[in-house]
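The following explanation leads through a structure step by step.

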Amino acid sequence: MAAHTVPWLHVVAKQGALPVDLLLPATGRSYVARLDGREMCDTDAVFQQFYDGLKLPDYFGWNWNALSDCLRDLNWLSADHYVLIVEAADEALPGDTSEQRLLFNTLMQAGQRWSYTQRPEGIELGRLVVVMTCDAASVPSLPGRLRSCLEETASS
């Protein structure tokens with residue numbers, strides 16, 4: 001996915017790399033969460049990965065709306081910037097495309113929420129960065145699926 005289109009979202013091959021300056025800002029505290037799509041075999045496992053990786057609060061409701069709310073808030077983490085790495089994102093929720101689409105939509109909504117912050121001195125980019133790793137063969141197709149979720153999110 002082209003960085004100029006969605007600067008907060010990066011899709012890379014499993015063994016790929018991104019320059020650190022795309023992920024971590026020069027100032028402020030950053031929180032990095034690493035989730036494993038291979039462990040996301042069903043929705044409960046997805047929620048468990050996010051609960052553990054982001055140290056979700058105890059009031060987390062273990063459903064898609066609750067995950068969306070938590071990702072759009074993140075105030076319980078004492079950080080200025082957040083990096084969410086979903087390893088093997090293409091392997092999350094295997095065989096359940098509708099639930100996988102809900103996962104991707106949730107991530108896209110969170111990314112949109114955090115992508116621009118209006119401040120008196122101007123607009124600040126990228127308080128949340130999402131990195132999705134996948135099999136090299138999936139790199140060309142995953143951005144299109146994510147873009148479709150982003151368009152869906154923008155129109156809702």
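The buried residues of helix α2 pack against β2 (30–36), α3 (64–73), β3 (81–87) and α4 (97–115). This description rests on a predicted model.

Helix α2 spans residues 43–53, and its buried positions are Ala45, Val46, Phe47, Gln49, Phe50 and Gly53. Both ends of the helix show local detail. At its start, a side-chain oxygen of Asp42 comes to within 3.2 Å of the backbone nitrogen of Asp44. Just beyond the helix, Lys55 adopts a positive phi of about 50 degrees.

The aromatic residues of this region can be considered next. A pair of aromatic rings is described by the distance of the centres and the angle of the planes. Six aromatic pairs are counted in the model. In one of them, the ring centres of Phe47 and Trp64 lie 5.0 Å apart with the planes at 70 degrees; because an angle over 60 degrees counts as edge-to-face, this pair is assigned to that class. The pair connects distant parts of the chain, with Phe47 in helix α2 and Trp64 in helix α3, 17 residues apart. Phe47 has a relative accessibility of 4% and therefore counts as buried, the limit being under 20%. Trp64 is likewise buried, with a relative accessible area of 13%.

Another pair joins Tyr51 and Trp62, whose ring centres are 5.1 Å apart and whose planes meet at 35 degrees, so the arrangement is tilted. Here too distant parts of the chain are linked: Tyr51 belongs to helix α2, while Trp62 lies in the loop between α2 and α3, eleven residues apart. Tyr51 is partly exposed at 23% relative accessibility, and Trp62 is also partly exposed, with a relative accessible area of 34%. Ring pairs join Phe47, Tyr51, Phe60, Trp62 and Trp64 into a cluster.

The charged end of Arg113 is placed over the ring of Trp114, at 4.3 Å from the ring centre.

Attention may finally turn to strand β1. This strand covers residues 9–13 and is mostly covered, four of its five residues being buried. Strand β1 pairs with strand β6 (residues 128–134) in the parallel sense, over five bridges. Within this pairing, Leu9 has Val130 of β6 as its bridge partner.

Notes: Residues are numbered from 1 along each chain as its sequence is written. This is a predicted model: local features need pLDDT of at least 70, side-chain atom pairs count only at pLDDT 80 or more; totals for chains, interfaces and linings use all residues. Side-chain values use heavy atoms; hydrogens and water are left out. Buried means under 20% relative accessible area, exposed over 50%, partly exposed in between (1.4 Å probe, protein chains only). Helices (H or I, at least four residues) and strands (E, at least two) are DSSP runs, numbered from the N terminus. Two strands pair if DSSP finds at least two bridges between them. Contact means heavy atoms within 4.5 Å. A polar contact is a pair of N or O atoms within 3.5 Å; within protein, one must be able to donate a hydrogen and the other to accept it, and residues adjacent in sequence count only if both atoms are side-chain atoms. Rings of Phe, Tyr and Trp (its six-membered ring) pair if their centres lie within 6.5 Å; planes under 30 degrees apart count as stacked, over 60 as edge-to-face and the rest as tilted. A charge sits over a ring if NZ of Lys or CZ of Arg is within 6 Å of the ring centre and within 35 degrees of the ring normal.
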